Each structure stands twice: as structure tokens, then as C-alpha cells.
Amino acid sequence: MVRARVPRAPERIGALPDDVLRRIMSQLSSREAVHTCLLARRWRDLWRSVPIINATFEDFEDSAAANDTFEREAMFKKFVTRFLLLRNRVGLDEFRLDYSLACGTEDLNAGSADANLWISHVLRWNARAVKVVNRENRLELDPAVFTSSFLRRLHISSARLVPGFFDQLQTGCPALEYLFLSDCLVMDLEIRSNTVKVLILAEEVEFSCDHDDPGSISAPSAISVSIECDLSVARRPTLKNMSSLEAASVLLSGHVTACDADGIMQFLGGLSHVTSLDFRYKDGKLTMEKNIRWCPTFSNLINLTLNTWCVHANFYALVVFLQNSPSLKKLTLKLDQARVSVISGELEDRSFTCEQLEIVEIICSETNELLPRVTQFLRDSGIGTDQMRITHKN
């Protein structure tokens with residue numbers, strides 16, 4: 001019996017086109033990508049044209065200088081500078097910089113010079129996205145380097161944004177649509193952009209204390225905003241000119257002395273046109289005067305998400321929100337066992353009408369002690385069991 005010849009399988013990864021290989025290599029760190037040049041002659045120069053650069057300080061933590069932070073930083077700087085100089089002059093999708101400015105760096109401007117030079121370099125290659133993450137001292141980013149008509153996404157973690165930064169973004173990056181800030185000191189009076197559509201201010205974004213104004217946020221083109229405001233380290237910003245906003249996620253935490261009824265009213269007023277709102281409040285107790293108005297009318301609100309704080313104090317805060325959300329279709333309550341944070345007060349009228357409400361989703365653990373009380377409140381308020389959906393989480 002003659003066996004049929006089985007065709008020899010081609011080299012799997014070697015059979016892929018160069019562009020596909022470069023995409024695969026973009027998932028590696030830049031140092032790992034360079035090491036692929038040892039695989040075969042064909043791989044020798046592929047790293048020079050990868051569409052995503054992943055320059056990460058982690059690659060040097062197990063080096064010979066592992067116990068010398070300044071030496072590791074010097075090695076990292078030398079590698080990134082050399083990598084960028086040897087890279088082919090082709091377009092770039094994204095530049096990711098995971099840096100660690102050494103503790104004890106006294107002159108942040110000088111210490112940040114290399115990072116600013118790298119950012120300027122990649123923007124000349126028309127990078128469409130830049131992500132800068134710093135682990136130790138905040139980088140001091142030079143506004144002048146942010147000049148590109150191609151940059152669409154900017155992610156910055158742990159940086160000092162010096163005066164003029166947002167003016168430069170406005171004029172120098174006219175295509176910018178996505179802005180993420182975390183652990184940043186804002187030294188401008190206002191976070192401002194006429195082009196950004198998605199704005200995310202994560203933990204510890206604070207305005208400088210060098211001026212009395214609490215700072216403001218203006219983003220007339222933004223359709224989605226996420227803000228985490230820790231009032232123990234930062235003042236509550238003023239929201240203004242958010243006319244295009246559709247979805248907002250807000251966390252207010254910290255000392256309640258910095259967040260009174262007028263402050264909450266003003267803050268929520270800037271979000272009053274949204275169709276979707278996730279509002280979280282924690283780490284404090286705030287008592288409102290009887291019948292004081294601290295919640296605006298959310299005429300367009302369809303989806304509302306609240307957490308445990310709203311069901312304490314005889315459901316005071318939940319009632320207030322429902323009284324001011326006439327178009328609501330879905331209410332989501334996230335119940336946990338965290339320490340009690342509550343906005344409390346008295347209401348002469350506790351009635352509310354949500355004629356368009358279709359579903360109430362309750363997310364909690366199976367043993368959550370608040371669940372029976374919450375479902376009973378909903379039933380007493382005219383919300384049927386068939387409108388409730390309970391999702392258990394671990």
C-alpha cells in the first residue's frame with residue numbers, strides 16, 4: 001500500500017507577511033522587540049518599523065544595576081533614545097512610555113527633559129496616541145512638545161501640567177478626542193478643550209493651590225466624562241460648558257466640609273443634560289437642611305446608577321434623585337458592605353413618579369443585608385417584582 005504524501009507544513013510564523021509580524025511585535029516591550037533581531041536574518045530590521053512603541057522601565061529592573069535606581073534610569077534613557085534614533089521614519093500608531101523618574105530628583109524640569117524629547121520625537125512621526133505613565137516623582141511635561149495635527153488620544157499619569165498646558169493642547173493638537181489624566185497636578189485655572197469627546201479624570205487629579213479659584217472644566221464637545229474627585233486632597237472643580245455631554249461617571253469622596261449642598265448642586269448642574277449618569281459618593285456624611293434643593297432636574301436622564309450611599313437615611317438620596325429624573329428608564333443600584341457614606345435630610349413630600357421606568361437592576365452579594373429592605377422599598381413605591389432584576393456578585 002502506497003501512502004499519500006503529506007505536504008510539508010510551512011513555517012508558521014515565518015510565513016506571515018512583514019506587516020503582520022510588526023503588529024505581533026507591537027505587543028512586546030520595545031526591548032523585547034529589538035531582541036527578535038537575533039531570530040533570523042529576516043527579523044533583523046523588523047523592530048525598526050513597529051507601529052506601536054512600548055518603552056517600559058520594567059525591562060531594566062532585573063539588570064546589573066537593579067539596586068541602583070539612578071543607574072537603571074540612565075540605562076533606560078540611553079536605550080529609548082537609541083531606539084528612537086534607529087527607528088525607520090515611518091508612521092506610528094501609538095507611543096507608550098512607562099517611566100520611573102528617580103526619587104530624589106531635585107530639578108523636575110531637567111529630570112523630565114528626556115521624556116519631553118521622546119514625546120516630541122514620536123509626534124513628528126505623526127503618532128495618533130501617546131500614553132505616558134510615571135511611577136515615582138511627577139514628570140514635568142513641556143507644553144511646547146504637544147504640537148501635532150494627528151494626535152487623537154493622550155493618556156498621562158503622574159505629571160505636573162504647567163501653566164499653558166491646556167492652551168497648547170487646544171491650539172497644537174486640533175484632532176485630540178480622548179484625554180485621560182491620573183495623579184496630575186494641574187497648574188492652569190481650567191482644564192479646557194474644544195475638541196475632546198472623551199474626558200477621564202481619574203484619582204488624584206488636583207488643581208494647584210497657588211490660586212484661590214477651585215478650578216474648572218470646560219469641554220463643549222465632550223460626550224462622555226468620568227471624574228474621580230477626592231475632596232481630601234483636591235477641591236471640587238466647577239463644571240461649565242458641557243453642552244454635548246451624554247454620559248457621566250462621577251465619584252465624590254473625602255472630607256465633606258469641602259462639599260456642601262450648594263457645591264453638589266453646582267457640580268451636578270453641569271451634568272444635568274446627560275442621558276446616563278453613574279454617581280458615587282463615599283467616605284463622608286452630609287446632612288441637608290429640610291427640603292433644600294441640592295439635586296437638579298435631569299430631564300434627559302434615561303440610565304441612572306447609584307451605590308450603597310443612596311439607600312441609607314431612609315432612602316433619602318434615592319428618593320431625591322427619582323423625584324428629579326422624570327424620563328428614567330433604568331435604575332441600577334450597586335450595594336456593597338463598605339463603610340457607611342450617606343447624604344441625609346428630611347422631605348415633606350417623598351412621592352415620585354417614574355412613569356417610563358422599565359427595570360431596576362440590583363447588583364450585590366447573595367448575603368447582602370440591605371437587599372430585603374431595598375426590594376421592599378421598591379415594592380412600596382409601586383415598582384413591581386417583574387421590573388426588578390437581581391444580579392449577584394462575589
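Author: Contact in this text means heavy atoms within 4.5 Å. The structure is a predicted model, in which local features need pLDDT of at least 70 and side-chain atom pairs count only at pLDDT 80 or more, while totals for chains, interfaces and linings use all residues. Residues are numbered from 1 along each chain as its sequence is written, and side-chain values use heavy atoms, with hydrogens and water left out.

Reader: Which residues does Ser30 touch, not counting residues up to four places away in sequence?

Author: Ser30 lies in helix α2, residues 30-35; helices (H or I, at least four residues) and strands (E, at least two) are DSSP runs, numbered from the N terminus. Once neighbours up to four places away in sequence are set aside, Ser30 touches Ile53, Asn54, Ala55, Phe79 and Phe83.

Reader: Is Ser30 buried or exposed?

Author: Buried means under 20% relative accessible area, exposed over 50%, and partly exposed in between, with a 1.4 Å probe and protein chains only. Ser30 has a relative accessibility of 3%, and therefore counts as buried.

Reader: What percentage of the residues in the protein is buried?

Author: The protein has 394 residues. The buried share of them is 52%.

Reader: Among contacts with a separation of 6 or more, what share comes from residues 24 or more positions apart?

Author: This share concerns contacts in the protein with a separation of 6 or more. Of these, residues 24 or more positions apart account for 68%.

Reader: How are α3 and α5 oriented to each other?

Author: Axes are lines fitted to C-alpha atoms, for helices over the stretch in contact, and angles run from 0 to 180 degrees between N-to-C directions. The axes of α3 (residues 69-86) and α5 (residues 113-124) come within 11 Å and cross at roughly 15 degrees. Angles under 35 degrees count as roughly parallel, over 145 as roughly antiparallel, 65 to 115 as roughly perpendicular and the rest as oblique. The orientation of α3 and α5 is therefore roughly parallel.

Reader: Which residues of α3 and α5 make the contact?

Author: The residues of this contact divide into 5 nonpolar, 2 polar and 2 charged. Ala, Val, Leu, Ile, Met, Phe, Trp, Tyr, Cys and Pro count as nonpolar, Asp, Glu, Lys and Arg as charged, and the others, Gly among them, as polar. On the α3 side they are Phe76, Lys77, Val80, Thr81 and Leu84, and on the α5 side Asp114, Trp118, His121 and Val122.

Reader: Is the crossing of α3 and α5 left-handed or right-handed?

Author: A crossing is left-handed if the near helix is turned anticlockwise from the far one by less than a right angle, and right-handed if clockwise. For α3 and α5, the crossing is left-handed.

Reader: How are α8 and α9 oriented to each other?

Author: α8 passes α9 (residues 371-380) in a right-handed crossing. Their axes come within 12 Å and cross at roughly 55 degrees. The orientation of α8 and α9 is therefore oblique.

Reader: Which residues of α8 and α9 meet?

Author: The contact of α8 with α9 divides into 5 nonpolar, 1 polar and 1 charged residue. From α8 come His312, Phe315, Leu318 and Val319, and from α9 come Arg373, Val374 and Phe377.

Reader: What is phi of Phe315?

Author: Phe315 is found in α8, residues 312-323, and counts as buried because its relative accessibility is 4%. Most residues other than glycine have a negative phi. In Phe315 phi is positive, near 60 degrees.

Reader: What is phi of Asp183?

Author: At 22% relative accessibility, Asp183 counts as partly exposed. Phi of Asp183 is likewise a positive value in a residue other than glycine, near 50 degrees.

Reader: What distance separates the C-alpha atoms of Glu136 and Ser100?

Author: Glu136 is in the loop between β3 (129-134) and β4 (139-141) and is partly exposed, with a relative accessible area of 40%. Glu136 and Ser100 are 36 residues apart along the chain, and their C-alpha atoms are separated by 5.5 Å.
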